[in-house]
Amino acid sequence: MIEVKHIQKKFGRKTVLKDISFHAKEGHITCLIGINGSGKTTILKSIMNLMSVNRGEILIDGHQFTEAMYEKVAYVPDVLTMPLHMKIKDVFQFMRDFYKSWNDQRADELLTFFKLDKNERLKNLSKGNLAKANMLFGLALDVDYILLDEPFSGIDMFSREQIANVFTTDLVEGRGVILTTHEIHDIEYLIDEVVLLNNGFVVNQFNVEQMREEQGKSIVDVMREVLV
Amino acid sequence: MFRLLNFEFNRIFKLLVGLSIGVFGIQLISVIISTISYKESVIESNLREGMTLQEIVETYGLFEAYYITLNNLFFLPVGICAGVILFSIFFIWYRDWAGKNTFMYRLMMLPQSRMTIYYAKLLTIMITVLSLAFIQYLYLYIYAIVAKLILPSQYIGSLNPSDMISQSSLQVILAPDTLLFISAYLIGTLFVMMMFTLILLERSYKFVGLLIGGLYLFVIASLIIGFIVHQYIFNPYPYFYKTELVIIAILAWLILTLITFIWNRHLMKRKITV
């Protein structure tokens with residue numbers, strides 16, 4: 001389980017995260033929802049130790065973050081993380097060289113799933129295919145948790161569908177996923193847990209199924225109540 | 001660490017090859033100009049005026065190592081290399097943040113110490129500099145052969161590369177004394193580390209970091225210049241003995257390297273963000 005406990009993050013005088021606490025379980029898809037600038041990316045970066053927090057702590061399976069955790073948690077940011085001149089197969093080699101958790105078989109399965117060509121250079125890929133390749137580099141790691149920042153933003157409908165579909169396959173299932181998105185309609189059916197952020201606080205964390213059964217509300221209904 | 005060093009070095013390798021070719025091309029032209037101009041102005045013109053071979057050599061001397069680096073064009077590519085290396089110190093970091101892709105994400109998420117990134121970049125710069133210096137040294141042998149091909153052998157004196165170095169500004173990059181050579185490159189490494197401090201401060205604290213880094217470099221530069229001015233300009237007699245100066249220089253290098261390294265380590269491990 002990823003536990004975020006009372007974290008605070010300031011940028012200069014501006015406090016973006018005032019007091020954020022939530023948890024994300026293994027095997028569940030947890031979605032961070034909030035308006036632009038609510039600190040979703042900052043939270044993901046803080047979990048990955050790519051940014052230091054001013055207060056609070058983050059635990060992964062009960063432990064503080066160490067460099068070895070990058071074999072346990074993968075992060076797919078909303079930008080490509082490899083040099084553009086590289087071919088997909090060169091990236092595979094790079095990942096194989098540096099990560100024990102790199103799974104070649106899974107990488108090939110994902111390549112087929114996303115219909116990508118191993119010999120293609122990253123700079124020649126379309127925006128949708130770049131997003132898929134970026135995701136592939138994260139998903140092909142045998143990690144327990146995957147953090148995805150806006151995996152559906154700025155790409156066409158069919159690529160979006162393809163990316164959403166991967167969540168229902170065994171390429172992702174069983175792992176803990178934290179994602180941020182604006183395109184909540186397309187993936188509402190995938191999400192298990194929602195963490196609603198507003199003004200630097202978590203205003204609500206709920207289980208989607210439970211909310212639907214007990215109160216008859218969808219994610220958008222709750223968002224409307226809280227954020228509008 | 002060597003995997004990342006290999007990766008970083010491969011990214012800069014084309015630049016190294018380009019520089020090596022550029023240096024060779026320009027310096028070769030410079031050497032040819034110097035040699036032909038010696039041949040025309042010293043040998044041929046005097047032969048036309050009736051001087052004998054013996055008289056020409058006695059009056060003007062032989063074509064020695066000194067003539068190889070005589071033309072200012074010879075040092076143009078050395079200056080260009082220095083500029084490119086200075087640019088690379090910044091480029092090697094900033095390219096990982098800039099553009100459509102942000103490779104720094106991947107580098108920072110590698111399951112190994114963040115300092116590996118630092119060492120890989122530092123060593124890449126130092127290996128590039130040393131490679132260029134070594135290549136420059138090898139080229140001197142080729143230039144000697146070129147001069148021998150152009151000039152009649154009777155006019156050629158010693159074209160020993162070490163003389164070419166000791167009789168020109170090349171001694172700045174290829175100090176003839178081993179200890180001096182090592183010292184120069186240790187100081188060079190410290191300079192690169194200090195530039196890294198500036199970059200890491202900017203990446204950690206943006207504009208404020210740049211100011212702090214600038215101030216740090218200004219203070220260090222002022223102390224060094226102040227010391228030199230005090231030692232050699234204001235005092236009629238140098239204040240310290242030579243051995244004392246060596247000890248002071250070693251201590252200063254050690255202290256500065258240590259401070260810079262610890263600061264860089266802190267910034268790498270705790271402060272830089274992506």
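Mentor: Start with contact: two residues touch if their C-beta atoms, placed from the backbone, lie within 7 Å. This is a predicted model, where local features need pLDDT of at least 70, side-chain atom pairs count only at pLDDT 80 or more, and totals for chains, interfaces and linings use all residues. Residues are numbered from 1 along each chain as its sequence is written, with chains lettered from A and ligands numbered from 1 in the order in which they are written.

Trainee: Which residues are buried in helix 2 of chain A?

Mentor: An α-helix has 3.6 residues a turn, so residues three or four places apart point the same way. In helix 2 (residues 88–98) of chain A, the buried residues are Ile88(A), Val91(A), Phe92(A), Phe94(A), Met95(A) and Phe98(A). Buried means that 20 or more other C-beta atoms lie within 10 Å of the residue's own, with C-beta atoms placed from the backbone. Helices are DSSP runs (H or I, at least four residues), numbered from the N terminus.

Trainee: What covers the buried residues of helix 2 of chain A?

Mentor: The cover includes helix 3 (104–113) and helix 4 (127–139) of chain A, along with helix 1 (2–48) of chain B.

Trainee: How do helix 4 and helix 6 of chain B cross?

Mentor: Two packed helices are described by the angle between their axes and the distance between the axes. For helix 4 (residues 76–94) and helix 6 (residues 115–150) of chain B, the axes come within 10 Å and cross at roughly 165°. Helix 4 of chain B is therefore roughly antiparallel to helix 6 of chain B (angles over 145 degrees, between N-to-C directions, count as such). Axes are lines fitted to C-alpha atoms, for helices over the stretch in contact. Among the residues that meet are Ile85(B) and Ile89(B) in helix 4 of chain B, and Ile125(B) and Val129(B) in helix 6 of chain B.

Trainee: How many residues does each chain give to the contact?

Mentor: Chain B gives 17 residues and chain A gives 19 residues. Helix 5 of chain B supplies the largest share of chain B's side, 4 residues.

Terms used. Helices (H or I, at least four residues) and strands (E, at least two) are DSSP runs, numbered from the N terminus. Axes are lines fitted to C-alpha atoms, for helices over the stretch in contact, and angles run from 0 to 180 degrees between N-to-C directions. Angles under 35 degrees count as roughly parallel, over 145 as roughly antiparallel, 65 to 115 as roughly perpendicular and the rest as oblique. A residue is buried if 20 or more other C-beta atoms lie within 10 Å of its own, exposed if 12 or fewer, and partly exposed in between; C-beta atoms are placed from the backbone.
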